Amino acid sequence: MLYRLRAWWGGWPLGQLAFLLALALVGGLFVSNVLGTMARIGILPGFGFLGSSANFEIGESAIAFRAGDTYFKAILAGLLNTLKVSLLGCVLATVLGVVIGVAGLSRNLLLSGLIRWFIEITRNTPLLLQLFFWMAIAKALPAPRQAPALFDTVFLTNRGVYIPSIALEGGPFGLLAALALAGALGAALVLTLRLSGRLTRRNGTAAVVLSAAAILSLLALSGARPVVQAPALAGFNIRGGLNLSPEFAALLTGLVVKFSALIAEIVRAGIQSVGAGQWEAARALGLHDGQIIRLVVLPQALRVITPLTTSSYLDLTKDSSLAVAIGFPDLVSIINTTANTTGQSMEALIILIGSFLAINLALSALMNAYNNRVALRGSTR
Amino acid sequence: MTKAFPRLLTTLRTGLFGTRTNTLITLATLLLLTQILPPLFRWAVLDATFTGSAEACNRVGACWAFVTAKLRFILFAFYPSDLLWRPALTILLLSAILTASALPGFWGRPLLAAWPFTILACWLLMQGAFTTTPIASNQWGGLPVTLFVWTVCFAAATPIAVLLALARRSTLGGLRTFSVLYIELMRGTPMVGILYVAMLILPMALPDALSLDKMLRAIIMITLFWAAYIAEVIRAGLQAIPSGQNEAATALGLGYWRTQRLVILPQALRIVIPGMVNLAIGFLLATSLLAVIGIFDLLNAARASANDPQWLGFYNEAYLVVAVVYFGICFGASRYSRWLERRFSGGAAAAARKE
């Protein structure tokens with residue numbers, strides 16, 4: 001045991017120890033300075049402030065928040081906003097990025113040239129500039145009364161973007177939980193089959209059909225039915241549907257556009273990394289284009305694409321913090337307000353950095369697990 | 001020359017109308033372009049106002065008169081207007097050393113030695129040190145601030161990054177652990193968080209005798225932040241060096257530092273130069289975050305220029321101007337990085353042919 005520790009610690013033992021001690025000393029000095037300053041202005045260090053009431057409003061939040069609720073709840077609301085925009089951003093940027101990346105490989109000169117320019121412009125200008133631009137556009141949209149409706153259901157107004165939403169009408173409120181349970185059961189079934197290596201097309205379909213049937217019968221029994229609520233003009237405002245605030249819409253658009261360009265480049269590189277011989281061999285076997293992409297090219301391209309996209313997702317999550325510059329109440333902006341109103345800036349920043357580290361670790365763990373699935377068997381990385 | 005034109009015509013014909021789907025794609029793209037380009041052209045040229053005051057601008061088209069009136073502010077922000085030669089000279093100095101660093105012919109010790117002196121000269125020049133009109137850093141702004149923070153932080157972060165990368169690959173457990181923790185902590189934190197540390201924590205953490213202005217605090221924290229990113233790129237270069245190089249150097253009797261300095265690092269750093277250029281492009285774009293802590297970098301100056309009561313609301317024009325500046329630098333740098341990559345791989349191929 002001791003021997004292994006010595007081997008791990010390596011040579012130059014006293015020098016290393018002295019270096020680490022010096023670092024700890026400097027760090028300790030910094031902390032004691034901070035504590036001294038806090039004592040002088042009369043602020044009690046520690047996380048006790050989380051329980052006291054926060055006297056500011058939050059523009060939009062996934063959980064109900066009023067001025068006077070605790071700081072803990074305010075920070076939680078900010079964290080949920082960050083998670084919401086990052087998650088949506090990752091999904092939409094992936095979809096758009098794959099489409100753009102594949103379209104960029106087109107042999108059509110006009111299309112590939114257009115996409116080339118789109119990618120160069122989005123890649124070579126700052127994200128913050130693009131966010132300011134989208135924010136200016138969101139503010140310059142017409143008022144609800146004059147706003148044009150796309151397909152009669154989507155309204156782009158200066159009070160935000162209105163899109164249709166799906167709601168359950170009638171039936172008991174506990175139905176949602178039942179639905180979620182049925183869905184989770186189906187997912188768990190598929191996952192167990194998958195992990196035990198017994199997932200075939202037949203029993204996979206059976207699992208999906210079973211859970212779908214469970215959901216439908218639950219719906220029928222409770223008398224609830226899903227209703228699409230389309231936004232519509234009512235007086236000076238638009239009612240119904242889901243309202244995305246201008247800040248949220250601008251942030252999401254900016255993140256999706258910027259990162260779709262980055263992901264498009266990754267997808268292009270991944271597909272191009274599959275040699276022409278693979279295409280020719282697959283054609284010689286008589287596969288058609290769709291089959292070639294699905295069975296031959298994509299499995300190999302994903303090995304290049306997955307690790308690179310992972311770091312794109314991490315960057316997107318971190319860059320969602322630019323929300324603070326356009327007034328969307330994400331984690332960073334709430335932390336900033338908290339630090340300014342309580343004076344507990346050290347604790348607030350510890351929470352901020354801790355949260356982002358946790359999100360990053362979770363996301364990389366998830367993507368690494370996926371990467372292990374698509375990676376070359378027997379290769380070590 | 002005479003054959004080039006018909007060949008181009010053939011390429012265009014097959015590229016645009018080669019097959020039926022190709023023709024369809026061309027037509028659909030053209031339809032999309034007719035939706036986008038004419039309104040843009042109307043805004044930028046037909047309806048635009050090129051001269052005059054804000055009243056002359058019609059709000060339908062672009063107001064290029066705004067750009068002529070506010071260009072000085074966008075480029076230099078609040079720097080006193082009678083002393084503009086100082087930031088202008090700073091831009092020139094920084095451009096000169098960046099250009100020299102980009103040309104492989106200049107790579108060597110003299111260039112390395114010129115770097116700290118150039119940075120110091122720029123700092124003193126902007127400050128107006130030793131003159132009767134010193135300018136505090138909260139009055140600096142615009143392009144010189146963006147360029148200065150970018151180059152200084154990148155230049156200062158690189159030596160730290162080399163040490164971090166070496167520590168991460170060393171056999172010394174304590175240093176290795178420290179390096180891994182440091183790099184992962186920095187890479188897991190958004191840059192905005194780092195800037196808040198510079199704004200809120202650093203003034204409290206430093207002893208009272210050592211009070212630094214906001215610009216310097218931001219530069220210190222950004223340097224520490226970027227060092228982690230650069231260290232990861234350099235580590236990739238170190239990993240690409242075959243272990244035989246290390247063993248051969250040890251067999252020659254070289255110690256650790258001499259092995260690294262004379263054998264490993266010259267090869268590893270050469271490999272990672274294109275990667276470093278790509279990183280530098282990302283960093284230039286990231287300097288725009290300085291706006292969040294109220295420093296008037298190029299982007300923030302552009303935003304402030306459209307907040308002027310006389311010229312209120314010409315944000316699109318202001319953003320377009322700085323977008324062109326950012327795009328020009330970054331697009332040029334990314335082309336340069338590709339050229340360098342080709343040159344290096346070409347050199348390797350030529351060396352292989354010689355053997």
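This report describes selected features of chains A and B in a predicted model.

Residues are numbered from 1 along each chain as its sequence is written, while chains are lettered from A and ligands numbered from 1 in the order in which they are written. Because the model is predicted, local features need pLDDT of at least 70 and side-chain atom pairs count only at pLDDT 80 or more, whereas totals for chains, interfaces and linings use all residues.

**Confidence**

The model has an ipTM of 0.87 and a pTM of 0.85. For chain B the mean pLDDT (the predictor's confidence in each residue, from 0 to 100) is 86, and 96% of the residues score at least 70. Helices (H or I, at least four residues) and strands (E, at least two) are DSSP runs numbered from the N terminus. Within chain B, the lowest confidence falls in helix H1 and the highest in helix H6.

| Helix of chain B | Residues | Mean pLDDT |
|---|---|---|
| H1, lowest | 4-17 | 77 |
| H6, highest | 143-168 | 94 |

**Chain A**

Chain A contains 13 helices and 8 strands. Of its 381 residues, 31% are buried; a residue is buried if 20 or more other C-beta atoms, placed from the backbone, lie within 10 Å of its own, exposed if 12 or fewer, and partly exposed in between. Two residues are in contact if their C-beta atoms, placed from the backbone, lie within 7 Å. Among chain A contacts between residues at least 6 apart in sequence, 67% join residues at least 24 apart.

A:Ser273 sits in the loop between helix H8 (246-272) and helix H9 (276-284) of chain A. A:Ser273 is partly exposed, because 13 other C-beta atoms lie within 10 Å. Not counting residues up to four places away in sequence, A:Ser273 touches A:Ala301 and A:Val304. A:Gly354 is 81 residues from A:Ser273 in sequence and 37 Å away in space, C-alpha to C-alpha.

**Chain B**

Most residues other than glycine have a negative phi. B:Ala77 is not a glycine, yet has a positive phi of about 50 degrees. B:Ala77 belongs to the loop between helix H3 (64-76) and helix H4 (85-102) of chain B. With 24 other C-beta atoms within 10 Å, B:Ala77 is buried.

The axes of H6(B) and helix H7 (residues 173-188) of chain B come within 7 Å and cross at roughly 125 degrees. Axes are lines fitted to C-alpha atoms, for helices over the stretch in contact, with angles from 0 to 180 degrees between N-to-C directions. H6(B) is therefore oblique to H7(B); angles under 35 degrees count as roughly parallel, over 145 as roughly antiparallel, 65 to 115 as roughly perpendicular and the rest as oblique. Residues making the contact include B:Leu164 of H6(B) and B:Phe178 of H7(B).
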